[in-house]
Amino acid sequence: MILKYDVIVIGGGHAGCEAACASANMGAKTCLVTMDMNKIAQMSCNPAIGGIAKGQIVREIDALGGQMGLVTDATSIQFRMLNVGKGPAVWSPRAQCDRGKFIWEWRRHLDETENLEIWQDQADELIVEDGKAIGVRTIWGAEIYAKCVIVTAGTFLNGLMHIGRKMVAGGRIAEPAVPHFTESIARHGVVSARMKTGTPVRIDKRSVHFEDLEIQPGESRPYQFSYMNQCGALKQLPCWTVNTNEEVHEILKSGLEDSPLYNGQIQSIGPRYCPSIETKLVTFPEREKHPLFLEPEGEDTNEMYLNGFSSSLPMDVQIEALKKMPAFRDVKVYRPGYAIEYDFFDPTQLNHSLESKIISNLFMAGQVNGTTGYEEAGGQGTIAGINAALKAGTDNDSSYNPFVLHRDEAYIGVLIDDLVTKGVDEPYRMFTSRAEYRILLRQDDADARLTEKTYELGLAKRERYDWWKEKKQHIEEIESFCQNFAIKPKLINSALEALGTTPLQFGCKLVDLVNRPQLNLANLSEIIPQLKEVLNRPVNRKEEIAEAAEIRMKYKGYIEREKIVAEKMHRLENIKIKGHFNYEELQGLSTECRQKLMKIQPETLAQASRIPGVSPSDINVLLVLMGR
């Protein structure tokens, strides 16, 4: 059988689903190839979306016209805003989701997407002709051809699972590995390597003594990821916390000789920031306890996820150790934790569009690029889908103008720039600390940064654009009111003293009060009726609008200063250097610099400046050679 499309997406995980929707919504005839239609966008590990910096990425996907925020809101069973004790630059939304309903909500979105078809099969070979990816062959003999191919195979490429000394081939528990596809790409010169990740034990909640756990409720305020959504309909559930103890540690240590991580069975790179429980014991031997989080898998299931107890120790060791915690003394488990090794491809072989530098028309997104996390995968999938659709719609490479996000425009831009510029030596996870323009990349202003960009491309639809325009209008109305409304001391001083702030000596504008740390729009609206009237206008998501306006006023100076710094860096972004130099001949550069520039071939001077091993003096040499 021969099938023909504009874009093929291989893999139905978070990267693949976003890529397929983005491509199809931009008008490209798209085929999503997945092994199991009933496990679309499976949350293979933690049944949660968002978190530190990850929540910002989900807001960005939504602002671009993607689906992850919409699906998460519809299936959320707990929502929390993390880091609210710090500045708004690092506030990060996170939602616990119903795992099963998340899959079927994603299926609904895919089924309702025009130009998108699903083919249930397993990709076996990438078809390459004259250096261009033109399609795939499947294990059932189908040949699917397209102008562009996006690979989002997750942990399935030569996947190998470990529990103790037992090893089973697989891409996920009870699912087969993909054995030949890596080789069909690598034979064309694309470098692959191995990484490792893991997942915790799953527990039957009927065996848990909840009286020995500490409850962790969600937010009372109905936060959401997508500005377009109304509140979800699912029952909101708490999570629970517990600590390990020395008895638990002793049992876990007794199994280290059978641990694949320490007996030589696993040689590949694991995630630094989501280590297994046995890695925590070895790395932090002085710790007497480690925190664990017991999280529900859904509103109507007994299955629970023990966050923090990722392990590949023998199953009897895992269960025996659990029983040394009072809450789990009678524990029953559905399955133990396990580790998995899989293939990934060196992301420095990609352009910022996520197209391969080696095989034209081949795009890659997600864990095959060395990342970890649903959100990082979804962000990459969105960009890969946009660019594959753009390239499929052009007659030749010279007319193709890729869609690229810069580091001051989105965490997705930081993520992709880090991957293609610096590469990875461990599974990459996004943190707010990775972004140098955090105050510009807040979770509250993703649509301000991105929606108009993809509306012009056709990904963000008119409805999404109109929601943003309405939000923008009301934010500006609040700001304008605060900048122009005059405050008289005698009418407000007693109230200011009651709120713990200094009374006024002279009149001022309302914005001057908003900027005080003790004051905010909420408490000021209780003493200024005109402000309350502005804030209570009948608009959608008025709490979020007020919060965004307040942040813009309170942090205006910081925002403007960071914009100036970003603009200076854009000057280097505008200096194109690819193809200008034979780096091997530039003796004014350090040896390491020459080697790195030859390998990565950066597009711009700014990208070159971010490559590890390229020093400021090396950049100065290049500036001189460019006549700057």
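Student: Between which two strands is the loop that holds Asn83 found?
Tutor: This is a predicted model, in which local features need pLDDT of at least 70, side-chain atom pairs count only at pLDDT 80 or more, and totals for chains, interfaces and linings use all residues. Residues are numbered from 1 along each chain as its sequence is written, and side-chain values use heavy atoms, with hydrogens and water left out. Strands are DSSP runs of E with at least two residues, and helices are runs of H or I with at least four, numbered from the N terminus. The loop with Asn83 lies between β5 (76-82) and β6 (92-97).

Student: What is the phi of Asn83?
Tutor: Most residues other than glycine have a negative phi. Asn83 is not glycine, yet its phi is positive, near 70°.

Student: Is Asp130 buried or exposed?
Tutor: Asp130 sits in the loop between β8 (123-129) and β9 (132-138), and its phi is also positive, near 55°. Buried means under 20% relative accessible area, exposed over 50%, and partly exposed in between, with a 1.4 Å probe and protein chains only. With a relative accessibility of 75%, Asp130 is exposed.

Student: Which class does Asn83 fall into by relative accessible area?
Tutor: The value for Asn83 is 23%. That makes Asn83 partly exposed.

Student: How many helices and strands does the protein chain have, and what is its radius of gyration?
Tutor: The protein chain has 21 helices and 23 strands. The globule rule, 2.2 Å times the number of residues to the power 0.38, is set against a radius taken over C-alpha atoms. For 628 residues the rule gives 25 Å, so the chain is as compact as a globular protein of that length, with a radius of gyration of 26 Å.
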